[in-house]
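Hello,

The structure we spoke about is below. My notes on its pockets and its sheet follow.

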Amino acid sequence: MYWCLGMRSSGSTWIFNVVRKIATVLAPQCTIVGPYVERGAELPDATDPAELIIVKSHATDQAAADALGGRARTIWISIRDPRDCIASLMQYHDLRFDAALGQVVRDARFCMQFIAHPRARLFRYEAGFADRPATIDRIAAGFDGTLAAADRDRIFSETRRPAIEAFIQGLDQLPRALRPTSHDLVDPVTKWHRHHANRTGEVGRWRRTLEPRQAAEIEHRLGDWMNSLGYDTPSI
């Protein structure tokens with residue numbers, strides 16, 4: 001079992017899809033099972049040696065956290081400045097500030113529990129990990145394997161923004177696509193949603209989109225978290 005854990009709007013869906021693609025190369029004999037998990041009851045049985053389970057999650061309940069923390073062979077964790085996470089949720093998910101704040105605070109605190117985990121590998125959004133071919137190799141190392149250069153380059157090409165945008169544009173023609181809301185479509189395999197399209201990935205968006213009082217509230221709620229991870233907190 002492997003775990004892709006991340007804050008919302010931190011690039012976690014990109015990492016999940018890279019992990020899936022790498023798994024098909026390094027474990028071609030296995031069937032990939034890739035659930036999105038919020039509760040322990042949603043975790044699949046991990047006793048079938050022919051299945052390779054790759055879990056995607058944000059914050060989970062305690063039962064899932066305990067099981068994943070104990071059983072995951074590698075935990076890839078993506079984090080981002082919570083002010084940008086919240087700005088992104090407000091812009092692309094049409095969430096109100098209080099709802100976005102609640103989600104991101106929970107995600108951030110949850111991720112912090114696992115950053116020091118001995119099998120965790122941390123990916124900081126601001127480092128531009130999704131735009132670096134070396135990230136593919138770093139993720140592959142979580143399988144204790146090495147990709148051939150051709151496989152690394154192919155996976156990197158397949159996960160560029162134009163390729164992702166093209167895939168999302170075709171969701172309405174994808175038979176397996178689901179409609180979680182009247183305004184959204186999602187592929188249950190890749191977890192790409194319609195709302196993932198047309199994003200700029202801008203770092204520092206919060207400076208021009210959040211009100212000063214909103215930025216101050218985020219820093220008040222997560223100041224210790226932000227300072228421990230090197231994010232500036234001018235309002236504190």
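Helices here are DSSP runs of H or I with at least four residues, and strands are E runs of at least two, both numbered from the N terminus. This is a predicted model, in which local features need pLDDT of at least 70 and side-chain atom pairs count only at pLDDT 80 or more, while totals for chains, interfaces and linings use all residues. Residues are numbered from 1 along each chain as its sequence is written, and side-chain values use heavy atoms, with hydrogens and water left out.

A pocket is an open set of points on a 1 Å grid over the protein atoms alone, where a 1.4 Å probe fits, with protein on both sides within 12 Å along at least five of seven lines; lining residues have an atom within 4 Å of a point. Volume is the space filled by probe spheres set on the points, which are joined across faces, edges and corners.

The largest pocket holds about 1300 Å³. Its lining has 46 residues, and Thr-13, Trp-192, His-195, His-196 and Arg-199 are the closest to its centre.

The second largest pocket has about 190 Å³. Among its 13 lining residues, Asn-17, Lys-21, Glu-158, Thr-190 and Trp-192 are the closest to the centre. H1 and H7 each give at least two residues to this lining, and H1 has the largest share, with 6.

As for the sheet, 5 strands form it in the order E2-E3-E1-E4-E5, open and with parallel pairing (two strands pair if DSSP finds at least two bridges between them). E2 (31-33) and E5 (120-124) are the edge strands.

Regards
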